[in-house]
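Student: I have a structure here that I have never looked at before. Can you take me through it, term by term?

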Amino acid sequence: MKGLVFLSIIISAILPSKQLEAKEMDVATFGNGCFWCTEAIFQDLKGVSKVESGYSGGQTLDPTYKEVCTGTTGHAEVLQITYDPAVISFDELLEVFWKTHDPTTLNRQGNDVGTQYRSVVFYHSDEQKALAEKYKKELNASGAFNDPIVTEITAFDKFYVAEDYHQNYFNLNGSQPYCNFVIKPKVEKFRKVFKDKLKD
């Protein structure tokens, strides 16, 4: 009996430390144009464990890519980013978000035009909302961009994962012309600017 009691004490002493070792992950959801172009950027960041391409912000349930492309579902192409806030903060993710797309063009990124390509932060908490609004206000006040930032800051509702062929698109299709001429230059520029934040 004494042995069992002693074992229980030992286990009780070990369990809290094991629980502390478990990482508390957080989620960010950004719309910054075509998810093919932006997925690879966030995949490269230290502290980011998963990036999924998908759709948020619309009224159509479980939309398909074809439906979203019509611009009638209300959804934006977004990235759902799972990250470790002990390694990379939401502030740092916002910095990457705003520096790797044009947040001043309404419903457009380059040649991609439509509400599905809008610039948007879907916040998951009051803290994320406050940080996004603060960052947007400071960027506008600083004159960092020639035109006002039109990025929406909206409460997160639902996320629908995009079809399998959209996931990890650049890494799996790097030899395709679109990847070579559109995505690759963006990724290379990002890696130069944020080289201190990249995974080893």
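Student: What makes the crossing of H4 and H5 left-handed or right-handed?
Tutor: This is a predicted model, and in it the crossing of H4 and H5 is right-handed. The term applies if the near helix is turned clockwise from the far one by less than a right angle. The axes of helix H4 (residues 90-99) and helix H5 (residues 126-142) cross at roughly 45°. They come within 10 Å.

Student: Which residues of H4 and H5 make the contact?
Tutor: On the H4 side they are Phe90, Asp91, Leu94, Glu95 and Trp98. H5 brings Gln128, Leu131, Ala132, Tyr135, Lys136 and Leu139.

Student: Why are H4 and H5 called oblique to each other?
Tutor: Set the angle against the cut-offs. Under 35 degrees counts as roughly parallel, and roughly perpendicular starts at 65. The axes cross at roughly 45°. H4 and H5 are therefore oblique.

Student: How do you know that Cys37 is buried?
Tutor: Buried means under 20% relative accessible area. Cys37 has 3%, so Cys37 is buried. Cys37 belongs to helix H2 (residues 35-43).

Student: What is Cys37 in contact with, leaving aside its neighbours within four places in sequence?
Tutor: Tyr178, Val182, Ile183 and Lys186. Tyr169 is 132 residues from Cys37 along the chain, yet their C-alpha atoms are separated by 8.6 Å.

Student: Why is strand S1 called largely enclosed?
Tutor: Count its buried residues. In S1 (residues 26-32), 5 of the 7 residues are buried, so the strand is largely enclosed by the rest of the structure. Across the protein, buried residues make up 40% of the 200 residues.

Student: How do you know that S1 pairs with S3 and with S6?
Tutor: Two strands pair if there are at least two bridges between them. S1 and strand S3 (residues 76-83) have 5 bridges, in the antiparallel sense. S1 and strand S6 (residues 119-123) have 4 bridges, also antiparallel. Asp26 has Tyr83 in S3 as its bridge partner. Phe30 stands opposite Val121 in S6.

Student: What makes the pairing in the sheet mixed?
Tutor: Strands of a sheet pair through backbone hydrogen bonds, either parallel or antiparallel. Here S6 and S7 pair in the parallel sense over 4 bridges, while S1 and S3 pair in the antiparallel sense. The pairing is mixed.

Student: Why are S7 and S8 called edge strands?
Tutor: Strand S7 (152-155) and strand S8 (159-161) each pair on one side only. Neighbouring strands of this sheet are turned by 35° against each other on average, direction ignored.

Student: Which helices pack on the sheet?
Tutor: H2 does, touching S1, strand S2 (48-56) and S3. Its direction makes about 160° with that of S2. H4 packs on the sheet as well, touching S1, S2, S3 and S6. The direction of H4 makes about 15° with that of S1.

Student: How many helices and strands are there in the protein?
Tutor: There are 7 helices and 8 strands. The protein exposes about 11300 Å². Carbon and sulfur atoms supply 55% of that area.

Technical notes: Residues numbered from 1 in each chain as written. Predicted model: local features only at pLDDT ≥ 70, side-chain atom pairs only at ≥ 80, totals over all residues. Heavy atoms only, no water. Helix = DSSP H or I, 4+ residues; strand = E, 2+ residues; numbered from the N terminus. Buried < 20%, exposed > 50% of the residue type's maximum accessible area, 1.4 Å probe, protein only. Areas by Shrake-Rupley, 256 points an atom, 1.4 Å probe, with all protein chains shown as cover. Contact = heavy atoms within 4.5 Å. Axes fitted to C-alpha atoms, helices over the stretch in contact; angles between N-to-C directions. Parallel < 35°, antiparallel > 145°, perpendicular 65-115°, else oblique.
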